[in-house]
Amino acid sequence: MNSLTHLTINIPWQRLTTAYGRGTDIPRLIQSRQYEELANLIEHQSTLWQTTPWVLLILLQELAKQKPEQVSSQEMELYLAVASAINVDEMNSQNAVETMNELLDAKYLWPEDEEDDEVWWEEEEPRGYEQEAFSSYFSFSYLLLKDAIPVFTAIMEGNDKLAPAIQELLHMLQADGDSAVVE
C-alpha cells in the first residue's frame with residue numbers, strides 16, 4: 001500500500017464535512033488530481049471546512065515529491081484559495097486544539113449516518129464547527145502552508161509559468177516578522 005492510499009484510508013472522510021456535504025469523494029478526487037473540484041470543497045466564500053487541513057496535509061506531502069514542471073496551475077490555485085481565506089491577524093492559536101489529530105475525535109466528527117445532515121447544519125454550531133475546532137481548520141491549514149514554503153520556493157525557481165501565482169501565495173503566507181524572502 002503506498003503512502004497516499006494509507007493516508008486517505010485512515011482519515012474518516014465520510015464523517016468530515018466540505019462546503020457541499022460529506023468528504024466521501026475526497027480520496028478519489030485527490031487520487032485523480034481534481035484540484036479545482038477539491039478547492040471548491042475545502043474553501044468556499046472565505047470559509048475553510050473540516051476536510052481542509054487533511055486535504056492540504058496529503059496534497060502538500062505529494063507536492064514535495066513532484067518536479068517543478070509537473071505541478072499544475074490548478075493545484076497552485078487550490079493553495080491560493082485556501083491562503084486567501086486565512087486572515088493571519090485574526091488567528092488566535094489559543095482558540096485551536098493542540099494537535100491536528102484531535103480534530104478526528106468523535107466529538108468533532110459527524111455521525112456515520114447522513115440521514116439527519118440537514119438538521120445538523122441548521123444547528124447554531126454544527127458538530128465540528130465549535131469555535132475551537134473551527135479556528136483549528138484555519139490554524140492548521142496556515143501552518144501546513146507555511147511549512148511548505150521551501151517546496152513552493154523550489155517550484156517557483158523551477159517553473160516560470162507558476163512563478164507569479166507562487167509569489168502571490170508566498171506574500172499571503174508572510175506574517176509580520178516572518179523572514180520568508182520573496183523576490
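**Entry 1: H5 and H7**

I began with the crossing of H5 and H7, which is left-handed. I call a crossing left-handed if the near helix is turned anticlockwise from the far one by less than a right angle, and right-handed if clockwise. This is a predicted model, where local features need pLDDT of at least 70, side-chain atom pairs count only at pLDDT 80 or more, and totals for chains, interfaces and linings use all residues. Residues are numbered from 1 along each chain as its sequence is written, and side-chain values use heavy atoms, with hydrogens and water left out.

I looked up the angle next. H5 and H7 pack at about 130 degrees, with their axes 10 Å apart. Axes are lines fitted to C-alpha atoms, for helices over the stretch in contact, and angles run from 0 to 180 degrees between N-to-C directions. That makes H5 oblique to H7. Angles under 35 degrees count as roughly parallel, over 145 as roughly antiparallel, 65 to 115 as roughly perpendicular and the rest as oblique.

Which residues make the contact? H5 brings Tyr79, Val82, Ala83 and Ala85, and H7 brings Phe138, Ser141 and Leu145. Contact means heavy atoms within 4.5 Å.

**Entry 2: H4 and H5**

I moved to H4. The axes of H4 and H5 come within 12 Å and cross at roughly 140 degrees. That makes H4 oblique to H5. Their crossing is left-handed. From H4 I noted Thr52, Leu56, Leu59, Leu60 and Leu63; from H5, Glu75, Leu78, Tyr79 and Val82. By class I found 7 nonpolar, 1 polar and 1 charged residues. Here Ala, Val, Leu, Ile, Met, Phe, Trp, Tyr, Cys and Pro count as nonpolar, Asp, Glu, Lys and Arg as charged, and the others, Gly among them, as polar.

**Entry 3: The core**

I then checked the largest nonpolar core, which has 58 residues. Such a core is a set of buried Ala, Val, Leu, Ile, Met, Phe, Trp, Tyr and Cys residues joined through side-chain atoms within 4.5 Å. Trp13, Leu38, Leu60, Tyr79, Leu145 and Phe152 touch the most other members. Helices that each supply at least two residues include H4 (52–63), H5 (73–85) and H7 (131–147). The largest share, 8 residues, comes from H4.

**Entry 4: The whole chain**

I count 9 helices and 4 strands. Both are DSSP runs numbered from the N terminus: helices are H or I, at least four residues, and strands E, at least two. Of the 183 residues, 47% count as buried. Buried means under 20% relative accessible area, exposed over 50%, partly exposed in between (1.4 Å probe, protein chains only).
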